[in-house]
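Dear colleague,

I am passing on the structure we spoke about, and I would be glad if you read the notes below with it open beside you.

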Amino acid sequence: MKRQPDKINYLYGRLSNEDKLQGDSYSIQNQRKILTQYAEENGIVPYEFIFDDGYSGADFTRPEFSRMIDEVEAGKVATIVVKDMSRFGRDYLRVGILTELVLPDKDVRLVAIHDNVDSDLGENEMGPILNYFNEWFVRNTSKKIRAVQQAKGRSGERLGVIPPYGYRKDADTKHLVVDEESAEVVRRIFRLNVEGHGPAQIARMMNEAHLLNPSAYKHEHGIVTKPRQCRDLYFWNTTTIHKILDAPEYLGHTINFKTFTKSHKDKKVRQTPPEKQLVFENTHPAIIDEETWEIVRRMRQNKRRVPRYGEPGLFSGVAFCSDCGNKLYFHTRKVWNKAKTESYLEGSYSCAEYRKGVQYQGGGRRCTCHYIGEKLLAQLVLEDLREVLQFVGRYEKQFVRMVMAQSRKEQDKAQTARRKKLAASQRRIGEIDTIIEHLYVDNVSGKVPDERYITMSAKFEAEQTDLKEQAASLEAALAEDEQKAVNVDRFLTLVRKYTAIEELTPAIVHEFIEKIVVHEPQGGRTKDRTQKVEIFYANVGAIDCAAAMEDEAAPAAEATAAIVLTEEKTGAA
């Protein structure tokens, strides 16, 4: 078949990382030698040799291969010559589409030298079989690699190739070691978050500091050698900060199987559910301590909303409504001083459900306002925190006894409620089984029509499915309660850090406080107005210092009375 002289003759070579282990016979140099010799002996001139080095045959996004196929689609290619069909590709379906449909349609000749394939000589019956075996090779290799990766991951060996920002690999042991320059940036990011700055604010601070972003830093310091395009070496985005704040690796842990792909053909990376990931603790030096990590976790769970004017509220994310359980919404308003010469922003909190204006069908809002000023709330929290610090400093042993007893009491109460609910769910599941069985019998006997049976059975099965999920959740909660215990030691360590607290800061609030529950004010807008505020401290819960003091004073008073009574009796005698 005569070819148009203005069309291109491509000699295409490909070498994967696995092929490099097979020796020089698969090398690019050897492929070039074979292809050019064949082209010159068979008059396929002029020609252009192109190749993709380090690409799997299952990957059809290879740069030179993609360019060649684009040229084919444009009608600019006359001939493609490869060493064998595996160099063209190792995907049975895709190679079949190209060789059976695309190339013939564009009048492109395909030659595979070592497989005796030449489309000018007619259809090759062995072509599909060759393509199948080429794909089988990739599938078999993929299975072997997955098996090796599974064995490594389950033994605790880190599977990630690129070390997290803040670490580098030791040249000899290949273990993670702290990279002090980048580790200090990681510590700074966590410190800023503890102080109340959100990921977007932290990203802006990193940009203002003109620091290399993690990707650029790894390339500049030789931690990663593979070339990667980076538009701006000094640009930090919010996603990067989120990833750093959520990475357990900074505690010194190794997490394997965080992502997966379904097969060697489907390259889409999917997230593995947390319960299926494997965590190996203390496998490398930690950059962040456990206490800081826990504070950041609480702050991440209770995200702080930034108001239109001013800074985020001091208690945003930790203040909750006592009735509906929603967060309290922080808002500000402009207030003028008495002389009306200048204004300032005054912050306050109110129930988020109330502010939404959501109403019942019969009218009325779902919740009440639960309004409280930030200045008043800060005063209440500061006074209570000072009282707790003073009490713990004087009566540490009594405090430990009180917290442990309180924790056991609350845990027993919660477990009793869960067990009752679990028993009710299991009882109802059994009842539904009986109902469905009776429905089936009535349907077979003709008492219940088919349409009615289908509707009712679907309804009961849906209810039973919900109950089973609820029962599983309750069983998991009960199992978790048995393992859970208050961490008094951690709270005592935190208390010892502070001799006195002059004012509240976001860092102090999130270090000490787990949540604040605000009740609806009582007594209207008069001076008699009262409002209950409950403060729950991290790791220990609510602390009633006054009640604890009374409990400690009672035995002492009884002992004093006994001594006096004894003395009176002795004197009378």
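Which residues of helix α2 (residues 63-73) are buried? In this model, which is predicted, they are Phe65, Met68, Ile69, Glu71 and Val72. Seen down the axis of α2, these buried residues fall within an arc of 155 degrees, so they line one face of the helix. They pack against the strands β1 (8-15), β2 (48-53) and β3 (77-82), and also against the helices α3 (85-88) and α4 (92-105). After α2 comes Gly75, whose phi is positive, near 75 degrees.

Turning to the nonpolar cores, the largest has 41 residues, and those with the most contacts inside it are Phe315, Phe399, Phe491, Leu504, Phe512, Tyr537 and Ile543. Helix α12 (residues 374-394) supplies the largest share of this core, namely nine residues. As for Tyr537, once its neighbours within four places in sequence are left aside, its contacts are Asp384, Leu385, Val388, Phe491, Phe512, Ile513, Glu514, Ala542 and Ile543. There is also a second, separate core of 32 residues, which includes Leu176, Ile189, Leu192 and Trp236.

The last point concerns a loop residue, Ser316, which lies between α10 (290-301) and β12 (319-321). Because its relative accessible area is 5%, Ser316 counts as buried, the cut-off for that term being under 20%. A polar atom of the Ser316 side chain lies 3.3 Å from the backbone nitrogen of Gly313.

With best regards

Definitions and conventions:
Residues are numbered from 1 along each chain as its sequence is written. This is a predicted model: local features need pLDDT of at least 70, side-chain atom pairs count only at pLDDT 80 or more; totals for chains, interfaces and linings use all residues. Side-chain values use heavy atoms; hydrogens and water are left out. Helices (H or I, at least four residues) and strands (E, at least two) are DSSP runs, numbered from the N terminus. Buried means under 20% relative accessible area, exposed over 50%, partly exposed in between (1.4 Å probe, protein chains only). A polar contact is a pair of N or O atoms within 3.5 Å; within protein, one must be able to donate a hydrogen and the other to accept it, and residues adjacent in sequence count only if both atoms are side-chain atoms. The arc is that of the directions from the helix axis to the C-beta atoms. Contact means heavy atoms within 4.5 Å. A nonpolar core is a set of buried Ala, Val, Leu, Ile, Met, Phe, Trp, Tyr and Cys residues joined through side-chain atoms within 4.5 Å.
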